[in-house]
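Please work through each task before reading its solution.

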2 protein chains.
Amino acid sequence: MTNYVTIDEWNIIEEGLHLDNNRIYESIMSIGNGKMGIRGNFEEDFTGDSLKGTYIAGVYYPDKTRVGWWKNGYPEYFAKVINAADFIGIKVELNGENLDLAKSKVCEFKRTLNMKNGYLLRSFVVEDTSNNKFKIEVKRFLSMARSEIGAISYSITPIDNDATISFTPYLNGDISNEDSNYDEKFWNVINKNVDSTLGHLTLKTKKLDFEVTTAMKYNLFIDGSEIEFSPALQIEEKFVANKLSTPVKAGSTITIFKYVAVTSSRYYEKENLTLKAYELVKEASKIGFEELLQEHSNKWAQIWNEGDIVIDGDPSAEQAIRFNIFQLNQTYTGEDSRLNIGPKGFTGEKYGGSTYWDTEAYCIPFYLSTREAAIAKNLLIYRYNQLDKAKENAAKLGLKGALYPMVTMNGEECHNEWEITFEEIHRNAAIPYAIFNYVNYTGDEAYLAEYGLDVLVETSRFWASRATYNKFKDKYMILGVTGPNEYENNVNNNWYTNTMATWNLKYTIKVIELLKDKYSAEYKNLENKLNLKAEEIEQWKDVINKMYFPYSEELGIFLQQDGYLDKEQILVKDLSPENLPLNQKWSWDRILRSCFIKQADVLQGLYLLDDKFSVEVKKRNFDFYEQRTVHESSLSPCIHSIIAAEVGYEDKAYDLYLRTARLDLDNYNNDTVDGLHITSMAGTWMSIVHGFGGLRIKDNTLSLNPFIPKAWTKYSFKVLFRNHLIKVSVSASNITLEQQNGETFSLLVKNKRYTIHENETITINK
Amino acid sequence: MTNYVTIDEWNIIEEGLHLDNNRIYESIMSIGNGKMGIRGNFEEDFTGDSLKGTYIAGVYYPDKTRVGWWKNGYPEYFAKVINAADFIGIKVELNGENLDLAKSKVCEFKRTLNMKNGYLLRSFVVEDTSNNKFKIEVKRFLSMARSEIGAISYSITPIDNDATISFTPYLNGDISNEDSNYDEKFWNVINKNVDSTLGHLTLKTKKLDFEVTTAMKYNLFIDGSEIEFSPALQIEEKFVANKLSTPVKAGSTITIFKYVAVTSSRYYEKENLTLKAYELVKEASKIGFEELLQEHSNKWAQIWNEGDIVIDGDPSAEQAIRFNIFQLNQTYTGEDSRLNIGPKGFTGEKYGGSTYWDTEAYCIPFYLSTREAAIAKNLLIYRYNQLDKAKENAAKLGLKGALYPMVTMNGEECHNEWEITFEEIHRNAAIPYAIFNYVNYTGDEAYLAEYGLDVLVETSRFWASRATYNKFKDKYMILGVTGPNEYENNVNNNWYTNTMATWNLKYTIKVIELLKDKYSAEYKNLENKLNLKAEEIEQWKDVINKMYFPYSEELGIFLQQDGYLDKEQILVKDLSPENLPLNQKWSWDRILRSCFIKQADVLQGLYLLDDKFSVEVKKRNFDFYEQRTVHESSLSPCIHSIIAAEVGYEDKAYDLYLRTARLDLDNYNNDTVDGLHITSMAGTWMSIVHGFGGLRIKDNTLSLNPFIPKAWTKYSFKVLFRNHLIKVSVSASNITLEQQNGETFSLLVKNKRYTIHENETITINK
């Protein structure tokens, strides 16, 4: 494995310029604030290999589907988050020569992502062709305090000789997506302007009519004193810029501050977009770069205070887990229930920035434990608001109730592989599970009456109609599905799917009972609105009672699907290494025919329905399936790690944790160029907190069961649980709990109950 | 159902011009001679809806694959037969006005495909804008006697007034495929010329470097006397033409004869293409149109003499079966073992003109019984020559032996749907089956030593490695396949596949024994060359002995696949009509989950391995599966029809026969615009000869078991069997056999043996 970044507990550092791997660093150095994000591109011109990427949350494009062989029911489009106007651009001329790090002589190059304060810093020394040296330092951030604002400070110091330096801050609307299916451009520029200190571009998408205004304002300082300038204005078809040119003495530093405001029609009336963007950018410029950075850093301090994980004795692990927490918080901030978490966040174009079941299965636990409840709740409401589309989707397949899409932007299905789009239906239980998870964690039962039951009832209706009654066996079966393990397609009775479908039906009935009891007025309304009849619930009970679950008596394990044991049984350890990764080395049918598993499937069920299965059952299934799992999804090792931890395989748990901990920082799967694995980052967090820390919620009580991996001397994590902020520290000898905020309450540690007061610290010897 | 064509026993007639359905008529009126084909396009300019189509056998293009989600192992390209230079073109001006049937006033329009003599005739009366009337008659054919030659006669008679008429015969190389994946053009023009009576274009494909020269020559006659002319030459980038203009008296007829020669680098050295084309076209012109047509008609007379089917009392059925026989003979003439039969022949672009298992399963029986043995043999040698590519294909999937491609032009797999490309492997037994069929029919056992065994051994090796040994059940299973019924994908133990694989292994062993015995010297060489060891054959026997076949004891039927009975069992008759056809009305997953069958699957096996199953077994399986089969493949009803005939369901057999008999003539599936269903035409022939006629070969003896559908008064078919030409006539009261050619031999009728001499007629009362 190559070491891409320098190990540092709070910073991600590229030392020296790596032109060949620039796209990897661009992905890693992405910054975002939940409303927008930028890859770690350079501000000045760069002719080397680069994926320019600027993305605005919620602004997407329905790109025409590309497919080899059309199947009935495929969607007409694939929605993708789109590359928006480039607003970081500042062309630089040093003594009349255009700066381009792909061509210039560069030394002392360092690109640093500062995670503590949330900014990207770049510093280097460059020579012009007459060997004049310049020291350059560039810092930028997208404000967590003001979600429309970004700011850049670009400083140049001529080292040996006086120089003429020019800056051309610009906005560029001539951008496209690399992954456009038919090389279409997605934007039209509908208005633009530039004057001596201000400029803007307003772009409109060619379909759906999203509009986005990007406005810029700039000031120039030499050695801290603002200077006047009279720029040359440039307006082109999709481009506005100002060129500022000035002499600078050797040893003096010239700095341009470029402030940017991005307003979109998701948040403002179209006719106000430009005005608002100007208003915001002027205000930002008035506040100034340093003060904006300070309020931004304060937001990060709060995030770290509630969600940091500290690992003593392993700075590489420390760096990795902070990177994951940092990126998750950059991607989703939870104020807007129309937004969700794309698998790559704002760090690349792959997977189109759409919503997958990753959100429910991996991300919600992270946000539940590290941020206030409202944030996870908004992720639930996102799906609640898309219930009607999910009902249309089920109807399209000839089924009742609601089927949530595999991939979506606005609730409509976007994916077009039949074995996934139509068959990977287990996703439809992940959404009810997230409701359960949220209510179980927060205790917010009112959610069920306000939003939850609608989703539970419609997903239950789907399952009841999707299950096939088999009169020969007097059982219900779920035929023709793809489970979480996408290395099997179109199988019958995937255990995970049957189990989660049954769980979904049971939970819905349980919630109905609860609402009848505690929210009877609301329930009456719901019963009416949803047309819920006793016969329907009876039918659900019939499905629950007669559901078929494939099981091997001989091996004492749940069978991944009906035909799993018919396959040739080989273990991963017996595969010679040239076969791996299977998804690159084997033809697809060979993968499908094999017993090898891409990602947790039966084990995913054992994890989610944790309290329904004994440690003994988990151990037997883990022993069987882990040996057959190739973990070729970044979402897989964390689940195996958590089960391994629970059944006492501590070393194995740690080994599995390592497989994703530094996935992007070390470019482990050789795909960091495409962007970061944002949603699987939540899985790494889960490995530590649910796995090593053993966090569960049992009967409204927080329960912990920590161990410490041998490689670490001590680690600690924070948990926000129902207005209690707890810091849990674990060493080889003891476990320390500290309630940093909240009233007295009791919790379980290794199944023993402890009561803890605010600011109290309890140490438990292991 | 619309009546597209006038019923006539020897002609297909469009009466009146149908601009809206022009593409349908263009498909139906296609002509070809096995080496090239043209859709029924007009010679003169036409601005109405039209698919211009001129196709040259064996000249194809590797069009870049289009796919939504790439799977490992997919081919990089999809080979397609390509639209070649348009050589029929003759622009016509009547008193200076360009003739275009989409714009002109036309009456008495008639387009006739004469099947007896193999030409296309068009006649109509057209008016110019000054109401001058012209009678026009156009006749063309592609010579069955000279495979590079085409000829057109284009006659115009001014009816009322003298007129100026001009012809511009041309060659146009600026053509493209409508189904090009990325709107690419596939040809470059590499040289061209035109002088006063001759012209040519040489085109080269942008990939693979196929070259094709099209040369033209023309003469002009008025009332039968050749006239001199001095044409205006036109040469454009991809176009050559001559414009000939002359006054014509009222009542006189001017005729241009345009002769065309097409030479391709498949048959000639590239440097000789032009010379050869000129030589051929000059010779054709010297012979003249009428004599060329006569020798062409003589070839057709011979084909009809050996393969005609006569149906008394049902001219619509008569027309249909002759149309099928006609099109099959236009598509494949069997001299070149590098050619095969595309599902649409030369009549359209769909399915790319490539080879499918249709050839072995449907077409070979037709050619075996209607043409000399060498023709079917060349279809076998086509696959023999592609054995190395099939071995590469198996290796690519991690398997031994040879896997023939699903779709191919040159032996390489072209298809890119994983469930078909990788999983519809039953095709690999169809090729050995065709060898069996050929040897069984012709008695040519020497074929096995010369070509057959290599294919049998390598396909057997494939099956032995593809079968998975299941130690729990001590059985071999074939997992993850798509059977002939493509409405189920990725199923385990498709009965047809398991049965044919086992048959393949058994037949290989049988052939090995036969060769050891009768061709011991050749066998020794083969044993060496193929590295055949006793242990390998033992392993095949193990697979044969322990193969698993899904069976329902309860129902007494073979199960289409392991999970078939787990599906909800509904009958086609219980589906309300708005659900049909399923492939247009249901989403793909709904089709897959349903019990509905696209095409014969278990029944396909019962048909192919006819003598292995009792009538009782066939009846039980027919009763079960026919009720669940929607016949949404044109290849399906014929197989069901044959089984129905065999088990005594005569009315049902006839009903099923009707479902494809006039498929294209009546545009039954609303897809005749795409071209004709050439390979399924062989299935209709089979319905009559194998179904109604009950033709089988039993122990080297021709066996017949005829019945006559109630709707017919009498029918007869011809069979060529081992140098015997037999005419079989069937009426309600008797069966008449006539040996029209061949020595005395004996055959079975209704299991009773009869001996018949040359020119003898035997009448058997029923």
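**Exercise 1.** What rotation, and how many Å of shift along its axis, superposes chain B on chain A?

*Solution.* The model is predicted; local features require pLDDT of at least 70, side-chain atom pairs count only at pLDDT 80 or more, and totals for chains, interfaces and linings use all residues. Residues are numbered from 1 along each chain as its sequence is written, while chains are lettered from A and ligands numbered from 1 in the order in which they are written.

Step 1. Copies are superposed by least squares on the C-alpha atoms of residues with pLDDT of at least 70 in both. A rotation of 180° with a shift of 0.0 Å along its axis then places chain B on chain A, with an RMSD of 0.1 Å.

Step 2. This is the relation of a two-fold axis.

Step 3. Among the residues of chain B, B:Val67 comes closest to the rotation axis, its C-alpha lying at 2.4 Å.

**Exercise 2.** Describe the contact between the two chains.

*Solution.* Step 1. Two residues are in contact if their C-beta atoms, placed from the backbone, lie within 7 Å. The contact takes 39 residues from chain A and 38 residues from chain B.

Step 1. Helices (H or I, at least four residues) and strands (E, at least two) are DSSP runs, numbered from the N terminus. On the side of chain B that touches chain A, at least two residues each come from strand 21 (468–470) and helix 15 (588–593) of chain B. Helix 15 of chain B gives the largest share, five residues.

Step 2. Both copies use the same surface, since 100% of the contact residues of chain B recur in chain A.

**Exercise 3.** In what order do the five strands of the open sheet in chain A stand?

*Solution.* Step 1. Two strands pair if DSSP finds at least two bridges between them. The order in chain A is 7-6-12-18-17, with antiparallel pairing.

Step 1. Strand 7 (97–98) and strand 17 (232–236) of chain A are the edge strands, each pairing on one side only.

Step 2. Two bridges link strand 6 (residues 90–94) of chain A to strand 7 of chain A in the antiparallel sense. A:Leu94 has A:Glu97, in strand 7 of chain A, as its bridge partner.

**Exercise 4.** Which strands stand at the edges of the four-stranded open sheet in chain B?

*Solution.* Step 1. The order in chain B is 25-26-30-31, and the pairing is mixed.

Step 1. Strand 25 (696–698) and strand 31 (752–756) of chain B each have a single partner strand, so one side of each is left without a neighbour in the sheet.

Step 2. Strand 25 of chain B runs antiparallel to strand 26 (residues 701–704) of chain B, joined by three bridges. Here B:Ile697 stands opposite B:Leu702 in strand 26 of chain B.
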